[in-house]
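Please go through this structure with the sequence at hand. The account moves from sheet to cores, then to single residues and charged pairs.

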Amino acid sequence: MRERSRSQQHRPVALRDLAETITKGESIQWQGEAYQDEGIPFIRTTNVQWEGLDLSSVARVSLASHQRMARSQLQAHDLLISIAGTLGRACIVPPEVLPANINQDLALVRIRRGDVSLPYLLHALRSDFVGQQIGRSGRGAGRIHLNLQQVGSLQVPLPP
């Protein structure tokens, strides 16, 4: 039996071709708002760790701020990817953290259901293959970042 070549085993697909939505959050400070002692979790890059979501130091925003930031309201099983600072850290949003929202340094990627396994996709996003693409794409004079077009262009290896 003939062995398949590596290129036949995994076909790369742009993340945008798997996504229903790719967006990002925003800063609440530019609206003159401030963090709250209680309220809706406001997830920042410091909360997205290589091993998952860490809410021990999560900021909180008012319900009014959360409602105003409708495009970045999280849903269960959304993917979060850090696009500023430490690029490429990713996690899956667990249902128990909802409702929640994100800041401007995180990309929210909502995958079309049934297109790919989310744990597999998370594993692929953490791979060297994707990490090298992120390293080549990161831009910035003082603070390295990715834009949403670059996030959507990330090639993710999918099994045949």
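The paragraphs below take the parts in turn.

This is a predicted model, in which local features need pLDDT of at least 70, side-chain atom pairs count only at pLDDT 80 or more, and totals for chains, interfaces and linings use all residues. Residues are numbered from 1 along each chain as its sequence is written, and side-chain values use heavy atoms, with hydrogens and water left out.

Helices (H or I, at least four residues) and strands (E, at least two) are DSSP runs numbered from the N terminus. An open sheet is formed by 3 strands in the order S6-S3-S9, with mixed pairing; two strands pair if DSSP finds at least two bridges between them. Strand S6 (59–61) and strand S9 (101–102) are the edge strands, each pairing on one side only. Strand S3 (residues 40–43) runs antiparallel to S6, and 3 bridges join the two. Within this pairing, Ile40 has Val61 in S6 as its bridge partner.

The nonpolar cores come next. A nonpolar core is a set of buried Ala, Val, Leu, Ile, Met, Phe, Trp, Tyr and Cys residues joined through side-chain atoms within 4.5 Å; buried means under 20% relative accessible area, exposed over 50%, and partly exposed in between (1.4 Å probe, protein chains only). The largest core has 25 residues, of which Leu15, Ile111, Leu121 and Leu125 touch the most other members. At least two residues of this core come from each of S7, strand S10 (106–111), helix H3 (118–125), helix H4 (128–137) and strand S11 (155–158). H3 gives the largest share, 5 residues. Leaving aside neighbours within four places in sequence, Leu125 is in contact (heavy atoms within 4.5 Å) with Leu15, Leu79, Ile81, Ala90, Val130 and Val156. A second, separate core of 12 residues includes Ile43, Val58, Leu80 and Ile102.

Ile83 sits in the loop between strand S7 (79–82) and strand S8 (90–92), and counts as buried because its relative accessibility is 3%. Beyond four places in sequence, its contacts include Lys24, Gln104, Ile144 and Val151. The C-alpha atoms of Ile83 and Asn147 are 7.1 Å apart, although 64 residues separate the two along the chain.

His66 belongs to helix H2 (residues 63–68) and is buried, at 7% relative accessible area. Among the residues His66 touches, not counting those up to four places away in sequence, are Ile40, Val61 and Pro99. Pro99 lies in the loop between S8 and S9, and a cis peptide bond joins Leu98 to Pro99, with omega about 0°. Another backbone feature is at His77, where phi is near 75°, a positive value in a residue other than glycine. Most residues other than glycine have a negative phi, and most peptide bonds are trans.

Where do the charged pairs lie? The structure holds 3 salt bridges, each a side-chain nitrogen of Lys or Arg within 4 Å of a carboxyl oxygen of Asp or Glu. Arg68 pairs with Glu26, the closest N and O atoms being 2.6 Å apart. Arg68 is in helix H2 and Glu26 in the loop between strand S2 (19–24) and S3, so this pair ties together parts 42 residues apart in sequence. Arg68 also forms a salt bridge with Glu33, at 3.2 Å between the closest N and O atoms. Asp78 and Arg110 meet in a salt bridge of 2.8 Å, N to O. Asp78 lies in the loop between H2 and S7 and Arg110 in strand S10, so parts 32 residues apart in sequence are tied together. Asp78 is buried at 0% relative accessibility, and Arg110 is buried at 10%. Through shared partners, salt bridges join Glu26, Glu33 and Arg68 into one network.
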